[in-house]
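Biologist: I would like to learn how to read a few features of a model. Could you take me through them one at a time?

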Amino acid sequence: MKDALSEMVHLEDYRESEFLIDKTELCFDLGDAFTVVTSKLHIRRNPKTFNCLVSPLFLDGSLDLDLESISIDAVLLPKTAYSLEGGRLAIFEPSEQFVLQTIVNIKPQDNTALNGLYRSRDMFCSQCEAEGFRNITFYLDRPDVMSIFFTKIIADKKKYPVLLSNGNPINREELDNGTHSITWQDPFPKPSYLFALVAGKLGCVEDRFVTSSGRSVSLQIYVEEKDLGKCEHAMNSLKKSMRWDETTYGREYDLDIFMIVAVDDFNMGAMENKGLNIFNTSAVLADPKITTDASFQNIEAIVAHEYFHNWSGNRVTCRDWFQLSLKEGFTVFRDAQFSADMNSPTVKRIQDVSFLRTHQFAEDAGTMSHPVQPNSYLEINNFYTVTIYEKGAEIVGMLHSLLGAEQFRSATDLYFDRHDGEAVTIEDFVRAMEDTSGINLEQFRLWYKQSGTPIVSVSSEYSENSQRFMLTFEQSCPDTPGQFDKKPFLIPIRLGLLNSNGESHRLNTVGDKEIMFKLLDKKQSVAFENISSRPIPALLRGFSAPVKLNYQYSDEELALLSAKDTDGFIRWDACQQLAFRVFREPSNLFGRDTCPQEEILLTTYEQLLSEEDMDPALVALMLQLPGEPLLHDKKNGVDPEAIHRRRETLRSSLAEKLGAKLEAVYHAQNSYQTYEPASSQIGVRSLKNTVLDYLMYTELGVELAWQQFKESDNMTDQSSALRCLVNCSRSVNYARIATERFECQWKHETLAMNIWFQIQSASFQKNTLVRVEELLKHSLFDIRNPNKVRSVIGSFCGNNLINFHKQNGTGYDFLENHIKILNDINPQIGARLVVPLTRWRRYIAPHSRLMRRALQRLSELPDLSKDISEVVLKSL
Ligand code: B3K
Ligand code: ZN
């Protein structure tokens with residue numbers, strides 16, 4: 001740990017670069033054995049940091065760069081004039097201004113970490129964020145050094161007819177030996193992390209978009225020839241995003257071409273390289289037969305997210321990686337607004353809150369807890385977290401609520417105008433909000449600096465005599481690594497009061513039925529006058545702040561909120577709270593009798609199933625019990641088996657009692673329509689499949705699931721049915737046949753097979769680990785492909801908690817062994833997968849001891865990567 005700590009990067013050590021690169025000229029000669037990268041950097045001293053002492057110029061690089069030659073102003077540099085240490089290049093006596101040329105050889109085919117230039121199947125592609133560019137050539141690989149790029153790519157014309165980079169093509173040449181070259185120029189200065197290169201045999205789907213000022217932009221999606229028919233949804237999503245960003249944020253696209261390339265091997269969803277977005281195939285390709293509704297929506301959201309980065313990230317970029325949430329939090333907020341506008345805002349909000357509570361709250365309560373603006377990191381790739389992204393987006397959302405839509409828009413206009421072409425900080429963003437609105441955001445800034453999930457406890461007092469209702473709010477925030485005694489946050493709490501019929505009270509003399517209460521102090525009260533009877537407060541409507549809120553509702557009050565509140569989030573949350581209460585009851589109640597809360601939950605569900613006017617998507621969400629990962633979110637004493645058993649017992653008991661209603665709803669929602677990924681249809685399928693999930697606990701389920709599996713013409717229904725069959729102990733034979741049929745039907749479709757791998761790895765059946773081991777030997781499994789790793793290892797360790805947490809520790813040993821393998825192949829992916837083990841403190845013995853032992857053994861590995869060490873060492 002000591003060694004690792006000494007390599008930590010600290011925000012307080014940030015210094016402006018002493019050198020700038022005005023122009024970057026690159027030439028890639030892509031060969032089978034190696035690629036030659038020639039780089040000519042037009043460097044000059046930064047006038048802002050001028051000091052008389054001549055300090056060396058340090059360029060970032062890596063041990064994978066095989067340096068062939070180095071020259072300054074076309075003169076070869078003697079060995080005494082530079083040094084190469086740990087991959088970093090030092091030029092001892094740099095002059096004021098010069099052109100540095102380096103020639104290096106690299107081997108993209110050996111780059112299994114998929115960071116820098118690498119090969120995915122038959123193509124070359126790149127991923128440079130955050131620090132991958134240094135694996136390509138020596139450079140000032142930091143986001144505040146922005147340069148104009150010229151990129152020439154030379155390659156065999158037959159194997160690589162398509163050669164792409166950022167910007168516009170400015171020259172094409174036919175060369176000897178069947179090679180050709182294309183040169184690209186990107187007119188916008190950019191940091192190296194936004195550089196991209198692609199070479200391959202790719203088909204292209206092309207369309208056009210006319211911007212608000214009348215410029216025609218060519219939109220191109222590059223995929224393998226066989227996938228050309230699966231690009232329509234991504235293209236439509238792109239056009240919708242472009243229009244939406246013009247109308248909602250006044251942001252117009254700025255180049256003549258916008259390209260998306262789909263690659264199979266990719267560490268995450270997609271990357272916003274200037275003018276040349278590179279996407280995981282899973283985030284582009286869509287066809288109803290092989291793509292689920294969730295993926296259709298995901299593709300729309302990711303295409304939008306990457307496109308929106310063109311302004312929030314590219315035109316205005318980050319000064320350093322501590323500012324990562326400046327672009328990510330803001331862009332997630334923007335894509336969430338977009339998805340809400342394209343689909344159902346309530347459903348989108350609930351999905352986001354559910355994700356935040358399950359993943360970000362857990363991260364914030366764990367050993368990797370960090371502020372949205374972290375103070376230090378060992379490996380920046382470990383900080384592409386739910387905290388930076390999702391909590392960061394929640395903070396922007398709170399700014400939006402505090403300023404109101406109009407002021408917020410003026411503030412973003414100011415931010416973009418003021419900082420166009422610059423690399424800036426989170427502080428610059430907040431200042432634009434402050435300057436526009438005149439609101440003092442001093443206290444609000446704590447959201448960026450203090451980690452941990454605030455807890456808000458609310459109590460109430462009602463006086464019948466004075467007709468006065470008072471709410472008292474108290475906030476606290478648990479200690480997190482390196483942070484104790486936190487200051488109170490500014491917490492915006494949207495609230496309303498309902499009477500016992502579920503009607504809204506007027507809250508003030510103006511007649512508002514909802515207010516935004518600003519909690520500023522540790523303890524603060526608010527009173528409401530003329531309230532004729534004890535009201536039921538609906539607190540934190542729309543989840544107006546990322547906090548845990550406690551209020552002692554009676555079970556009946558929760559039932560009323562779930563049925564009557566005007567806010568969809570509150571209705572859903574009331575169901576969640578009721579379910580949590582059932583789980584909190586002592587387990588001996590189960591198997592014997594039902595508890596009162598279960599009765600209320602049952603009645604609530606019964607009513608929901610009879611509602612005819614409600615959005616089926618919302619009904620589906622309300623019917624879903626909190627998932628096991630969320631039920632594991634406790635400080636200590638987590639017993640995975642007990643939780644699983646209770647959840648199963650509750651589901652089965654609800655299913656049994658709701659039987660006839662569930663069946664009726666299933667049939668009512670199962671009407672045939674030609675598939676469309678429209679939110680109205682998605683809601684219907686979601687309700688149908690949620691109901692089917694319950695029906696699997698009844699006699700009828702297996703038959704229905706099998707029927708659905710055979711007859712469905714879309715992947716949403718087919719995969720839901722398969723999941724139901726695979727998870728049901730009474731349908732072992734059907735499950736086997738369905739699994740085989742699915743494989744036979746889709747073995748040629750990589751993305752469909754990922755679903756197949758995922759469903760089996762997440763199966764609750766007892767022998768799943770044995771099956772997982774078999775899957776790892778399947779001819780289609782490839783440990784170098786991150787999607788496959790996520791579908792099998794990730795799904796088993798992250799979603800299949802009952803099998804991962806086997807008492808004998810086999811699940812932990814399994815993960816440990818695969819982390820060791822991934823440590824050599826792809827440490828970034830390894831560091832993500834190891835997270836479940838780091839939560840060992842929560843669990844009862846022997847789980848905690850066995851999990852810790854696995855981490856301990858990992859920490860002792862001689863060549864543990866920075867990525868994995870940081871996560872492992874912090875957790876011990
Ligand atoms: N900016 C990229 C993420 C890069 C992750 C590097 N480890 C995708 C996105 O957030 O849009
Ligand atoms: Zn992003």
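Modeller: Gladly. Let us start with a helix pair: helix 20 passes helix 22 in a right-handed crossing. Please keep in mind that this is a predicted model.

Biologist: At what angle do helix 20 and helix 22 pack, and how far apart are their axes?

Modeller: The angle between helix 20 (residues 750-761) and helix 22 (residues 786-799) is about 20 degrees, and their axes are 8 Å apart. Angles under 35 degrees count as roughly parallel, so helix 20 is roughly parallel to helix 22.

Biologist: Which residues of helix 20 and helix 22 meet?

Modeller: From helix 20 come T750, N754, F757, Q758 and S761, and they meet N787, K788, S791, V792, S795, F796 and N799 of helix 22. Sorted by class, this contact of helix 20 with helix 22 has eight polar, three nonpolar and one charged residues.

Biologist: How should I read the pair formed by helix 10 and helix 11?

Modeller: Again, begin with the angle. The axes of helix 10 (residues 555-564) and helix 11 cross at roughly 150 degrees and come within 7 Å. Angles over 145 degrees count as roughly antiparallel, and helix 10 and helix 11 are therefore roughly antiparallel to each other. Their crossing is left-handed.

Biologist: Which residues make that contact?

Modeller: On helix 10 they are D555, L558, A559, L561, S562, A563 and K564, and on helix 11 they are I570, R571, A574, C575, Q577, L578 and R581. The residues of this contact of helix 10 with helix 11 divide into eight nonpolar, four charged and two polar.

Biologist: And how does helix 5 lie against helix 11: roughly parallel or oblique?

Modeller: The axes of helix 5 (residues 345-364) and helix 11 (residues 568-584) come within 9 Å and cross at roughly 45 degrees. That angle makes helix 5 oblique to helix 11. Helix 5 passes helix 11 in a right-handed crossing. T346, I350, V353, S354 and R357 of helix 5 make the contact with G568, F569, W572 and D573 of helix 11. By class, the residues of the contact of helix 5 with helix 11 are four nonpolar, three polar and two charged.

Biologist: Let us turn to the ligand. Which residues come nearest to ligand 1?

Modeller: There are 14 residues around ligand 1, and E129, E272, E306, N381 and Y389 come nearest. Next, look at pairs of polar atoms. An N or O atom in the side chain of E129 is 2.6 Å from a nitrogen atom of ligand 1. For K327, a polar side-chain atom lies 3.4 Å from a nitrogen atom of the ligand, while for E328 a polar side-chain atom lies 3.0 Å from an oxygen atom of ligand 1.

Biologist: What should I look for in the backbone?

Modeller: E129, the residue with the 2.6 Å pair to ligand 1, is joined to A130 by a cis peptide bond, with omega about -5 degrees. A130 lies in the loop between strand 11 (123-127) and strand 12 (147-156). The peptide bond from A845 to P846 is also cis, with omega near 0 degrees, and P846 is in the loop between helix 26 (835-838) and helix 27 (847-859).

Biologist: What is the phi of N177, and where is N177 placed?

Modeller: N177 is not a glycine, although its phi is positive, about 55 degrees. Its place is in the loop between strand 14 (168-174) and strand 15 (179-190).

Methods. Residues numbered from 1 in each chain as written. Chains lettered and ligands numbered in written order. Predicted model: local features only at pLDDT ≥ 70, side-chain atom pairs only at ≥ 80, totals over all residues. Heavy atoms only, no water. Axes fitted to C-alpha atoms, helices over the stretch in contact; angles between N-to-C directions. Helix = DSSP H or I, 4+ residues; strand = E, 2+ residues; numbered from the N terminus. Parallel < 35°, antiparallel > 145°, perpendicular 65-115°, else oblique. Left-handed = near helix turned anticlockwise from the far one by under 90°. Contact = heavy atoms within 4.5 Å. Nonpolar A, V, L, I, M, F, W, Y, C, P; charged D, E, K, R; others polar. Near = heavy atom within 4 Å. Polar contact = N/O pair within 3.5 Å; in protein donor to acceptor, adjacent residues only side chain to side chain.
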